[in-house]
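Subject: Structure handover

Hello,

Here is the structure I promised to pass on. Please open it first, then read the notes below.

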Amino acid sequence: MRRLLSLCALLAYPLAAQDVKVTTHTLDNGMKILIHEDHDVPNVALYFFYKIGSRNERPGTTGISHFFEHMMFNGAKKFGPKEFDNMMEKNGGSNNAYTSRDVTVYTDWFPKSALELMFDMESDRIRDLSFDPKIIQSERGVVYSERRTSVDNNPFGVLYEQLFASAIIAHPYHWPVVGWASDIEAWTMDDLKAHFKMGYAPNNCVMVASGDVTPDEIIALAKKYIEPIPRQAPPPEVRTKEPDQLGERRISVRRPAQLPMLMMAYHVPNTRDADQPALDLIEALLTTGRSSRLYRRLVEKDQLVLNVGGGTQESLDPSLFLFTMQVRSGKTSAEVEKALYEELDQLASKGVTAEELDKARNQILAQFYRGLKTIAGKANLLGRYEVFNGSWDKVNSVASELDAVKPADIQRVAAKYFQEKNRTVATLIPDNAPAQESSK
Amino acid sequence: MNRRLIVSLLLAAACLQGQAKLPPFTKQTLPNGATLILLKKPDVPLVSVRAIFRGGVEAESANLSGIAAVTAELVRRGTPTRTSDQVSLDVDSIGATLLGGSDRQASFLATEYMARTQDRALEIFSDVLLHPSFPEPEVKKVLAQAADRLRSIKDNPGAAIGRYFEAFYYPASHPYHRSGSVTEESLTRLTRDEILAFHKKNYTGKNLILIAAGDFDPAKLGPALVKIVSELPAGSEFQPAKVAAPKFDSARLLLVDKPDATQTYFRIAMPGIERTSRDRVPLMVINTLFGGRFTSMLNDALRVNSGLTYGAGCVVEQDRHTGSIFISTYTRTDTTQKAIDMALEVLKKLSEQGIDAAQLASAKAYIKGGFPTQRLETADQLANVLGDLELYGLNKGEIDDYFSRIDAVSLEEANTIARKYFREVNLQFCLLGNASKIQDSVRKYAPKMKVLAIKDAGFEPPAF
């Protein structure tokens, strides 16, 4: 054990010598810009984090943030339908975008030669997006196809959706990011316009440029193209707070499947909470790597599941600590649950040794490095820290925050959240009776 | 929710400013036949080391399907001095990763570690590389897990169709058919002796390509790796079998019935190329336009213009033996026929009308623009590229002259290639969906059609 200890001491602050350097600037209209220079490849990653997601929706328009993400590629005033993608690809670039419960993020990757074009196109769509009824109808079909793929024809997706809807009953995290099927069919042009006005203001956005750029050129282009766009009122505050859970909730999903699946959720605070570093370490202790407690117990020793994943997700409001498991053939969810609860109780009652905690720290730090390998990884990391942790520069104190967590904190935090009455259990039960005609 | 699935459809890809080049690296052949490649890239304090053994699925004998993957997983599951759990604990304690796997051409063992843990990481890596003991209980466990993994694939139609397609497109005598002949039951019949024999035959010095890329001092890491690798017996070198490319004398259609599916997943395939084909670069240019990017003809028609799907594309397989070119997408059950018709129309249009100069220029810029970040940015990407060059016997000109070879593709050559490969002749259709609702309407696509139930064991299609 001494060798392991000395090794961990050696690793204590591996980030200290490798701070991520960023230049920041805020435009007159309120858009914050983060710039990270990396001239290793002649390319740029340009990310826009709009602080609007499914938490800003309401019943009837669920999924509209995500739908809107799609619409942002369907034409604006200067660059019409298809031109954003056509121009981008013809200039050597590509793009994607994602929507979560909290944010909508646009991700552009391109050779440096396309830098000014990207500013021109991004500012065009923030300022003057088009709303063509024909295109809206076609894109509705695309989003419905996405829902069919990621939820309706995917056991993980359907159980995950049901779990959130059961664990969270009041806060908007209740509904899925992709939206309920009936809302996808029903939202209107007015809903879309209202959503655009609510979320797509420059003062509601953080822009991150990472790669073969200089701060001066990024700031100059932002001043030219984006600064003239006026600020607007930010989205209304999300007022609803999820009430405390009063007892365990259990749900089941029956559908044709080869194997059962089990998911579990415990309410936890948001990313900025002081308990988050301990929760991150608990996630690593329980589910990261094959030596993690749950992998060792459930996958290797008892051979009850094929895999186990878990942890918290970044969130602006209190959310869930999840566990997901694919149950083995011939095993039952009940057996898995029993073993999992034993492990959680063990963590809360007996805690961890300093060695095991060091292992978890090293895993998180190594994972953090892996996020810094690419300009895209760095752009994503900086934007997420700015939005969810309150400031990009917290990326440079990850090691010290983890280091401040002691074994007693792990025990305290595990005991605080992993309680029966704070838990929701979702099981997918294979139901292989002949299909009903009612299926969609 | 992503706007689109991030799928690496193509070796797409770099810089408009000039030719992308491989960073300097060293390569040496050791007395036991192993190849050692070192590439220093110190921008992030991580090191990627991978041992690639030529062979993989191609080295399996027909009655031992699945053994390459199982062996690769078992390599890290115990040595005379470490149990499987101890290997995992030692790896995790230093924040490293250790992964064994296999594909059509090779088996591999890969680790990535933080630079300052090098001594410890190499000690673990060399132990599992040189001294795997294949404990019997671990063999049993891995085989049972692999069987359940096959079962779980069938719960994900997007993944399942890939297995069915390989078994359908490649004839039983072809090594790429193998994934289809593995069943939940056949896996559990593999024995420890068979696994030991496979390992002994294939994990040899003569088959080994060892690549290290990342933040290290070559003067220190080079000798350490030489010492490790030299301990492997030279053994024999993998000799690829002579395999005839699949040929089809008529269109065929395999329909996999999943009664609860609310959408149909489908692939439409035609004969393609081998990795070293001279047609590869112009074909990648054409396929970029046809189905290799967001604005491609297929995605434009099926997604952007009609909303029939979340995504449509076309993949050119690039392996040692001649592979397929397949259109791939999915659509809701009642638009199955419409989507297939539309995909066929797009194919017909390409083969009849070809592309124009503006399209050619756009495809070239797209491939080059993304190349540095897709293939050359990180140590593990570079290790992958170097491994591919070595596996296929290519030299570094493959990368260093890539842009000039793309630039050299003329419009005439591109259209010749389009006509040569993208042909509406004897197409091979593989569909997965609700057969009771679609089988009558899809019958028209092929004179030979078979239906297979997803609940049946394995992925093997009925005889056509």
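**Nonpolar cores**

The largest nonpolar core has 142 residues, and those touching the most other members are Y164(B), L210(B), V285(B), L298(B), A343(B), C430(B) and L431(B). A nonpolar core here is a set of buried Ala, Val, Leu, Ile, Met, Phe, Trp, Tyr and Cys residues joined through C-beta atoms within 7 Å. Buried means that 20 or more other C-beta atoms lie within 10 Å of a residue's own; exposed means 12 or fewer, and partly exposed is in between, with C-beta atoms placed from the backbone.

Take L298(B) as one of these. Leaving aside residues up to four places away in sequence, L298(B) touches F290(B), G291(B), A312(B), G313(B), C314(B), I327(B), A343(B) and V346(B). Another core lies apart from the largest one. That other core has 63 residues, including V44(A), F67(A), Y144(A) and L382(A).

**How to read the model**

This is a predicted model: local features need pLDDT of at least 70, side-chain atom pairs count only at pLDDT 80 or more, and totals for chains, interfaces and linings use all residues. Residues are numbered from 1 along each chain as its sequence is written, while chains are lettered from A and ligands numbered from 1 in the order in which they are written.

**Chain A: two domains**

Chain A splits into domain 1 (20–225) and domain 2 (249–430). The bounds come from an automatic or database domain assignment. Over C-alpha atoms, the centres of these two domains of chain A are 28 Å apart. In chain A, 31 residues of domain 1 are in contact with 29 residues of domain 2. Contact means that the C-beta atoms of two residues, placed from the backbone, lie within 7 Å.

Which element gives the most to the side of domain 1 of chain A that touches domain 2 of chain A? Helix 6 of chain A does, with nine residues. Helix 6 (155–167) is among the elements of chain A that each supply at least two residues there; strand 2 (32–37) and strand 3 (43–50) are also among them. Helices (H or I, at least four residues) and strands (E, at least two) are DSSP runs, numbered from the N terminus. By class, this side of domain 1 of chain A has 19 nonpolar, seven polar and five charged residues. Ala, Val, Leu, Ile, Met, Phe, Trp, Tyr, Cys and Pro count as nonpolar; Asp, Glu, Lys and Arg count as charged; the others, Gly among them, count as polar.

Strand 10 (residues 319–327) of chain A is mostly covered, with nine of its nine residues buried. Strand 10 of chain A pairs antiparallel with strand 8 (residues 261–268) of chain A over eight bridges. Pairing requires at least two DSSP bridges between the strands. M261(A) faces Q326(A) of strand 10 of chain A. Strand 9 (residues 305–312) of chain A also runs antiparallel to strand 10 of chain A, and seven bridges join them. There, G310(A) is opposite F323(A). Strands 9 and 10 of chain A form a hairpin with six residues between them.

Helix 10 (residues 276–287) of chain A has 12 residues. From first C-alpha to last, helix 10 of chain A reaches 16 Å, close to the 16 Å expected at 1.5 Å a residue. That expected span is 1.5 Å times one less than the number of residues. Helix 10 of chain A is largely enclosed by the rest of the structure, because 12 of its 12 residues are buried. Just after helix 10 of chain A, G289(A) has a positive phi of about 85°.

Chain B is divided into domain 1 (26–230) and domain 2 (252–453). Their C-alpha centres lie 29 Å apart. The contact takes 28 residues from domain 1 of chain B and 22 residues from domain 2 of chain B.

F134(B) is not a glycine, yet has a positive phi of about 45°. F134(B) sits in the loop between helix 3 (118–130) and helix 4 (136–153) of chain B. N426(B), also not glycine, has a positive phi near 50°. N426(B) lies in the loop between helix 17 (411–421) and strand 11 (428–433) of chain B.

**Between the chains**

65 residues of chain B are in contact with 75 residues of chain A. Helix 13 of chain B gives the most to the side of chain B that touches chain A, with eight residues. That side of chain B divides into 23 nonpolar, 23 polar and 19 charged residues.

Best wishes
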